[in-house]
Amino acid sequence: TRFVAASSLAARALAVAPPESSGSAPCRSPTAAPLGKRSVTITTDRLEEFVRAELGFFADRKDRPSKPLRLREILSVSSQPDNVRQLLHDELPVRFARRVKLIERIPGWEAIPELAALHAMHSTSFRELRLTDPSADAEEYRRVITTIQQRHKRVGSIFAEALHKLNVAMTGFGEVGLASVSSCSIDFGKFDSSAAALLDWTMLERWCEMFLGSRVSTEIQMSHYLACAAAGTTGSSAAHVGILDRQCDAFAICEQAVAQVESLHPCVIHTENLCGDKRICLPPRYLFLILMELLHNSAKATSQVAGASRQDLEARPIRVAVCANDKQIVIRVSDRAGGMTQLETD
């Protein structure tokens, strides 16, 4: 197997510890100044050790804080695909590495197949990124990102199932009952009551926020890079840059989402534009998906309370209001479905 390693950590280790020649694979490190363009032979096992070491190193990097990437940061590098690619290569390995470490913070995570699958998925994606040089072959890097994006499409459903099983594991030794516990594919030789006792709901909620918040950032970055790469060089004054629309009409997106939800659910939705023809730089697709989720929840809750009667639905309209000033646009979605009880929020 041939590897092209963009791993400065591996290169430094190789510089002081020449590997054995048996069962080895050529590994070239273009980022290591002492090695230049020379090929160095290492074993596959040794390479995997370096990748695992880098994963821990990247997870602990202090120069890349775990905060959402702002749209203005993405836009600032979007005039050239090379810049977008470099930002992606700087950000993705760090976020994937931290997600791997987040999973490892769950006691007995190996016993839950979905957490083990997420761990393997992110470890694989981290490895592929670190063994690809974005400056050497742009088309190969684009192929790698496409592969990773396709792989990560399953993260949402796998994560939801993992949370369900964590919930069962945390409550199964009491309220849920052993019958429910035994129906889940959890290796209770590894995940038992002592492991469950180390978790609490506050910790789990914070853990979910960190994991999913990181995922949103990486999904937006990958989609933006692939859109920029497909379009080629974009002028800094272009109306559309990658997935971003510099002149996004938020109210028009609201009306599109409203029409879609009204075609799917019995509901009455009133829209109100309080900002006139205000435009903002946004990814329209993601705004649409967020609104669809909010309106879907409101419509479902309203129909459960009001039933399918048109008169009852008109008495409980869902309202969408868009307002703005010179710095921000705010979209408010409200309904009269009664909200959630304290028990449901707990």
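Reply: Here is a short chat about the fold, some helix pairs and the cysteines.

Reply: First, this is a predicted model, where local features need pLDDT of at least 70, side-chain atom pairs count only at pLDDT 80 or more, and totals for chains, interfaces and linings use all residues. Residues are numbered from 1 along each chain as its sequence is written, and side-chain values use heavy atoms, with hydrogens and water left out.

Me: OK. How many helices and strands in the protein chain?

Reply: The protein chain has 14 helices and nine strands. Those are DSSP runs numbered from the N terminus, helices being H or I with at least four residues and strands E with at least two.

Me: And what share of the residues is buried?

Reply: 41% of the 346 residues in the protein chain. Buried is under 20% relative accessible area, exposed is over 50%, and partly exposed is in between (1.4 Å probe, protein chains only).

Me: What about contacts between residues at least 24 apart?

Reply: They make up 69% of the contacts in the protein chain between residues at least 6 apart in sequence. A contact is heavy atoms within 4.5 Å.

Me: Now helices. How do H4 and H6 cross?

Reply: Helix H4 (residues 81-104) and helix H6 (residues 138-151) cross at roughly 40°, and their axes come within 12 Å. The axes are lines fitted to C-alpha atoms, for helices over the stretch in contact, with angles from 0 to 180 degrees between N-to-C directions. H4 and H6 therefore count as oblique: under 35 degrees is roughly parallel, over 145 roughly antiparallel, 65 to 115 roughly perpendicular, and the rest oblique.

Me: Which residues make that contact?

Reply: H4 brings Arg85, Leu88, His89, Leu92 and Phe96, while H6 brings Ala138, Tyr141, Ile145 and Ile148. By class, the contact of H4 with H6 has seven nonpolar, one polar and one charged residues. Here Ala, Val, Leu, Ile, Met, Phe, Trp, Tyr, Cys and Pro are nonpolar, Asp, Glu, Lys and Arg are charged, and the others, Gly among them, are polar.

Me: Is arginine 85 buried or exposed?

Reply: Buried, because its relative accessibility is 10%. Arginine 85 lies in helix H4. Leaving aside neighbours within four places in sequence, arginine 85 is in contact with Pro134, Ala138, Tyr141 and Tyr225.

Me: How does H5 sit against H6?

Reply: Helix H5 (residues 113-130) packs on H6 at about 175°, with the axes 10 Å apart. That makes H5 roughly antiparallel to H6. Met121, Thr124, Ser125, Glu128 and Leu129 in H5 meet Tyr141, Val144, Ile145, Thr147, Ile148 and Arg151 in H6.

Me: And H7 with H10, what angle and distance?

Reply: About 175°, with the axes of helix H7 (residues 155-171) and helix H10 (residues 201-231) 13 Å apart. H7 and H10 are therefore roughly antiparallel. The H10 residues that meet H7 include Trp201, Trp207 and Cys208. The contact of H7 with H10 divides into 11 nonpolar, three polar and one charged residues.

Me: Switching to cysteines: how many disulfides?

Reply: Zero in the whole structure, where a disulfide is a pair of cysteine sulfur atoms within 2.5 Å.
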